[in-house]
Amino acid sequence: MLQLTNITKAWNTGTGQIVGLKDINLEIKRGEFVTIMGPSGSGKSTLLQIIGLLDMPTSGVYSIEGRDVMGLRDADLARIRNRHFGFVFQKFHLLPELTSLENVMLPMGYAGVPLAQRKIRAQELLNRMGLSHRLHARPTTLSGGEQQRVAIARSLANDPGFLLADEPTGNLPSDQGAEIMEILHALNKEGMTVIMVTHDEKLGAQGTRTVRLKDGLIEQIVEREPWTK
Ligand SMILES: Nc1ncnc2c1ncn2[C@@H]1O[C@H](COP(=O)(O)OP(=O)(O)O)[C@@H](O)[C@H]1O
Ligand SMILES: [Mg+2]
């Protein structure tokens with residue numbers, strides 16, 4: 001479980017303070033499919049980054065599986081981040097000079113997985129994403145949807161419990177976006193906790209819970225039954 005208590009994020013700039021998140025209270029349980037919605041600038045990406053330990057709040061308490069992570073050293077934060085979280089971004093963020101296979105193998109290298117195992121697991125993950133014929137392709141030769149599927153395979157490399165996706169379909173035509181949603185739903189059915197930022201009301205409504213942000217505040221939370229096609 002992820003537990004955010006009175007989380008605030010602010011930045012000091014030359015012209016004053018910018019507040020990104022104000023007093024956020026949110027619990028996310030294993031197995032949920034949470035969608036985060038709200039206008040541009042409402043704090044969605046900031047919230048996702050804090051959840052995934054890519055950024056730290058200015059104040060508040062954050063605990064992951066019961067462990068308070070505020071005040072941990074960077075090395076401990078990186079370890080917890082790598083163990084618990086997979087990330088998928090709007091612009092894929094693949095390394096252009098690496099093949100699909102190499103992109104997916106990379107995070108396992110950081111985690112110390114032996115080369116042979118890295119390769120086998122990366123192949124399995126890419127097969128699962130329907131990309132067995134694109135193992136040695138470089139990102140620029142793939143469609144947007146294919147690149148995002150490589151990115152999802154990479155996010156799964158170290159077997160995270162939580163998949164964090166920031167507008168994962170935002171750069172894709174709707175048919176390719178729908179494929180990505182199918183993959184996220186299939187993963188969620190197998191137990192993956194999915195937390196997805198989206199602008200798209202239809203996609204947002206596919207979550208078991210929707211958190212709506214406005215000006216850094218939680219404006220509304222809606223819960224619903226798991227999505228079925
Ligand atoms: N590193 C930063 N420094 C200063 N302000 C930031 C920074 N990151 C985000 N912000 C501001 O915080 C607010 C929320 O941003 P963000 O979380 O990216 O919104 P969203 O993803 O909902 O569009 C915006 O006003 C944005 O300009
Ligand atoms: Mg954003």
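Let me start with helix H1, where Lys44, Thr46, Leu47, Leu48, Ile50 and Ile51 are buried. By buried I mean that 20 or more other C-beta atoms lie within 10 Å of the residue's own, against 12 or fewer for exposed and partly exposed in between, with C-beta atoms placed from the backbone. That leaves H1 mostly covered, with six of its eight residues buried. After the helix comes Leu53, and its phi is positive, near 60°.

A word on what we are looking at: this is a predicted model, in which local features need pLDDT of at least 70 and side-chain atom pairs count only at pLDDT 80 or more, while totals for chains, interfaces and linings use all residues. Residues are numbered from 1 along each chain as its sequence is written, and chains are lettered from A and ligands numbered from 1 in the order in which they are written. Helices (H or I, at least four residues) and strands (E, at least two) are DSSP runs, numbered from the N terminus.

So what surrounds ligand 1? The shell holds Trp11, Ile18, Gly20, Gly38, Ser40, Gly41, Ser42, Gly43, Lys44, Ser45 and Thr46. A residue counts as near the ligand if its C-beta atom, placed from the backbone, lies within 6 Å of it. Our helix H1 (44-51) and strand E2 (16-28) each give at least two residues to that shell, and H1 has the largest share, with three residues. By type, the shell has two nonpolar residues, eight polar and one charged.

Now over to the open sheet. Its six strands come in the order E6-E7-E8-E3-E9-E10, and the pairing is mixed. Strand E6 (85-89) and strand E10 (217-223) form the edges, each pairing on one side only. On average, neighbouring strands are turned by 15° against each other, direction ignored. Axes are lines fitted to C-alpha atoms, for helices over the stretch in contact, and angles run from 0 to 180 degrees between N-to-C directions.

Two helices pack on this sheet. Helix H5 (residues 144-155) touches E6 and strand E7 (162-166), and its direction makes about 165° with that of E6. Helix H6 (residues 174-189) touches E3, E7 and E8, at about 150° to the direction of E8. Contact means that the C-beta atoms of two residues, placed from the backbone, lie within 7 Å.

Which way do the residues of E3 point? Phe33, Thr35 and Met37 point one way, Val34 and Ile36 the other, and all are buried. In a regular strand, side chains alternate between the two faces of the sheet. With five of its five residues buried, E3 is largely enclosed by the rest of the structure. Strand E3 (residues 33-37) runs parallel to strand E8 (residues 193-197) over four bridges, with Val34 opposite Ile195 and Thr35 partnered by Met196. E3 also pairs in the parallel sense with strand E9 (residues 209-214), over four bridges, and there Thr35 has Thr210 as its partner.

Where E8 gives way to helix H7 (201-204), the loop between them holds Thr198. Thr198 is buried, with 26 other C-beta atoms within 10 Å. Not counting residues up to four places away in sequence, Thr198 touches Thr35, Met37, Glu167, Leu203 and Gly204. Its C-alpha atom is 6.9 Å from that of Asp166, 32 residues away along the chain.

Buried residues are 39% of the 229. Of the contacts between residues at least 6 apart in sequence, 68% join residues at least 24 apart. The C-alpha atoms fill a box of roughly 50 × 40 × 35 Å, taken along the principal axes. Thanks, everyone!

How values were computed
Nonpolar A, V, L, I, M, F, W, Y, C, P; charged D, E, K, R; others polar. Pairing = 2+ DSSP bridges.
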